[in-house]
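Take a look at the structure first.

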Amino acid sequence: MAKIWRVYSDANGQSRIVELPLAMTPFVDTEGARGEGTPMQSAAGIVFRVSPPGYVLDWHCAPRRQYSISLSGAAEIEVGDGTVARIGPGDVVLAEDLTGQGHITRVVGEQPRFYAIVPLTDV
């Protein structure tokens, strides 16, 4: 099962990362699709990106609240306390560390990382 990770800034401005459970509930959609899903969230759009193997985005804060959804390849997210989370296909990062030290993102392995960014709108 894919994971969802939350990256956020604590009261001291240090980024932290925690794994979150997905709050899934049963649904039946208007066209008959059914299963389990999360509540709808407001988003501003979507962009697809590819980063090459070995790519490193050094210490940075998220530019806005956003999801980063890994489609293929692998990355590591490192936060200020030294914690490193490995992100693989299907994993989701909720980036909310808008201030403070930020985090490092590294593409690991021999494959490019293909991912989608979904900026969230506050409602």
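## Rings, cores and overall form

F114 is partly exposed, with a relative accessible area of 33% (partly exposed lies between buried, under 20%, and exposed, over 50%; 1.4 Å probe, protein chains only). This is a predicted model, where local features need pLDDT of at least 70, side-chain atom pairs count only at pLDDT 80 or more, and totals for chains, interfaces and linings use all residues. Residues are numbered from 1 along each chain as its sequence is written, and side-chain values use heavy atoms, without hydrogens and water.

The whole structure holds one aromatic pair (Phe, Tyr or six-membered Trp ring centres within 6.5 Å). F48 and F114 form this pair, stacked at 6.1 Å centre to centre with 25 degrees between the planes (stacked means under 30 degrees, edge-to-face over 60, tilted the rest). F48 is in strand β5 and F114 in strand β12, so the pair ties together parts 66 residues apart in sequence (strands are DSSP E runs of at least two residues, numbered from the N terminus).

Now to the nonpolar cores (buried Ala, Val, Leu, Ile, Met, Phe, Trp, Tyr and Cys residues joined through side-chain atoms within 4.5 Å).

| Core | Residues |
|---|---|
| Largest, nine residues | W5, V7, I17, A75, I77, V79, A85, I87 and V93 |
| Another, six residues | among them I4, Y67, V118 and L120 |

The protein chain has twelve strands and zero helices, and its C-alpha atoms fill a box of roughly 45 × 35 × 25 Å along the principal axes.

Definitions and conventions:
Helix = DSSP H or I, 4+ residues; strand = E, 2+ residues; numbered from the N terminus.
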